[in-house]
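Take a look at the model below. We will go through a helix pair, a loop residue and a strand pair.

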Amino acid sequence: MKQIINILKAASLSFSHSKLPLRVVVIFSFSLFTFHSMKGQDLGVLINEALENNPEIQKFDFQHKIASEKVNEVNSIPNTEFNFGFMAVSPEMNMPMERFRVSVMQMLPWFGTITARENYASSMADAQYIEITIAKRKLALSVSQLYYQLYEIDAKQKVLEKNISLLQSYEQIALTSLEVGKASAVDVLKLQIRQNELQEQKEVLTQKSEGLQAALNSLLNRDYDSKVSVLSTLEIPQDDSYYSYDSLQVNPELLKYDKLYESVNQSELLNKKEGGPMIGFGVEYINQENSPMITSSYKDMVMPMVSVSIPIFNKKYKSQTIQNDLRKQEIQSQKAERLNMLKSELAKAISQRNQSRISFDTQVQNLKRAEDAEEILIKNYETGTIDFNDVLDIQELKLKFQMNQVESVKNYFVQSAFINYVTN
């Protein structure tokens, strides 16, 4: 028996052999967990960093600048045409012949066409700006979700550390009881196996945390292995904010369709203007060689010119009008579809957030019952009897309730982040 005790003692962590009251051990472990440092990176700071450095946001910003620059591109008239011709070989004829001619012609679009082009380009730039807003909101949501997942891992690791410490105290009690014949070596081995299982879970969470930190650092556009620390405590508020489905109407994902609808209106106005005639003004100069048949005063000629381009066959513009009408109907359908989807997603998020609150409250009650059972174990230990199977059962229950609490908090804030995304 003494050999078994020595082996078990060697396998256990260093711990005092004095018979400490279990109540003291539990309170001490809980204090370590509760009063852990609150120091951590604020979520708002990380979101701002992502908005400033994320390459995708920069991509959308460049696209908007390109769309805005197109306003200057369309604010122009057609190229000015210059023509020059000369007689390479003079015919052997006794009559006046031109030596060369020069002409210049400028075509002008119908009145208001250039303004219509500018309005259309501006409407497309406005639609592109909405894309930037949507991208920023999605980025903030992604950063928030990863942040809360990291919080979950960090909180679960603290729970595991607390339970490992508690199991170590149980193990020491078992060793002490083994020496006096009130426990078996199997009890000690079970406690050590359970510690190993919790240690394994803790190490697995560490690996998962590294993967999430790499994903978050990618959104922040910094080194993948940069350390990200989160707040150690998040508390579910007493009351939830009220959200109206009417607030969905100002969601950028829906405003985008309004901007696209307006761009189609501007496209139709431009189509009507481009379906009008074009007017050209020019002048032509003809230089003639000297000839006794004409006087010197009429030797050279200058001829003003006016040109009109009329789209007689305007099937192209009529087709464009029909396409624009269909396009507007399509945009309205897309907006209605997206609105219905957002309503469904908002209802789902509110429901899941409410479920998280219910789950959290339930875990609080269950944890209180488990602590009451633990009190009974404490009294039994103080009277010299303890069932280590019950010890393990209670420990597993408490761990389950504590883990569920952490998950409930994480889920609550993840759903709150999504609700803010669709309603604000």
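**Helices, a loop and a strand pair**

Helix α6 (residues 185–220) and helix α9 (residues 388–423) have axes that come within 10 Å and cross at roughly 15°. That makes α6 roughly parallel to α9, a term for angles under 35 degrees. Axes are lines fitted to C-alpha atoms, for helices over the stretch in contact, with angles from 0 to 180 degrees between N-to-C directions. The crossing of α6 and α9 is right-handed: the near helix is turned clockwise from the far one by less than a right angle.

On the α6 side, the contact (heavy atoms within 4.5 Å) is made by Asp 187, Lys 190, Leu 191, Arg 194, Leu 198 and Gln 201. From α9 come Phe 388, Asn 389, Leu 392, Gln 395, Glu 396, Leu 399 and Met 403. By class, these residues are six nonpolar, three polar and four charged.

This is a predicted model, where local features need pLDDT of at least 70, side-chain atom pairs count only at pLDDT 80 or more, and totals for chains, interfaces and linings use all residues. Residues are numbered from 1 along each chain as its sequence is written, and side-chain values use heavy atoms, leaving out hydrogens and water.

Next, the loop between α6 and α7 (252–274), which holds Asn 221. Phi of Asn 221 is near 60°, a positive value in a residue other than glycine. Most residues other than glycine have a negative phi. Asn 221 is partly exposed, at 46% relative accessible area; the class lies between buried (under 20%) and exposed (over 50%), with a 1.4 Å probe and protein chains only.

Last, the strands. β1 pairs with strand β2 (residues 98–108) in the antiparallel sense over six bridges; pairing takes at least two DSSP bridges. Glu 81 stands opposite Met 105 in β2. Helices (H or I, at least four residues) and strands (E, at least two) are DSSP runs, numbered from the N terminus.

Definitions and conventions: Angles under 35 degrees count as roughly parallel, over 145 as roughly antiparallel, 65 to 115 as roughly perpendicular and the rest as oblique. Ala, Val, Leu, Ile, Met, Phe, Trp, Tyr, Cys and Pro count as nonpolar, Asp, Glu, Lys and Arg as charged, and the others, Gly among them, as polar.
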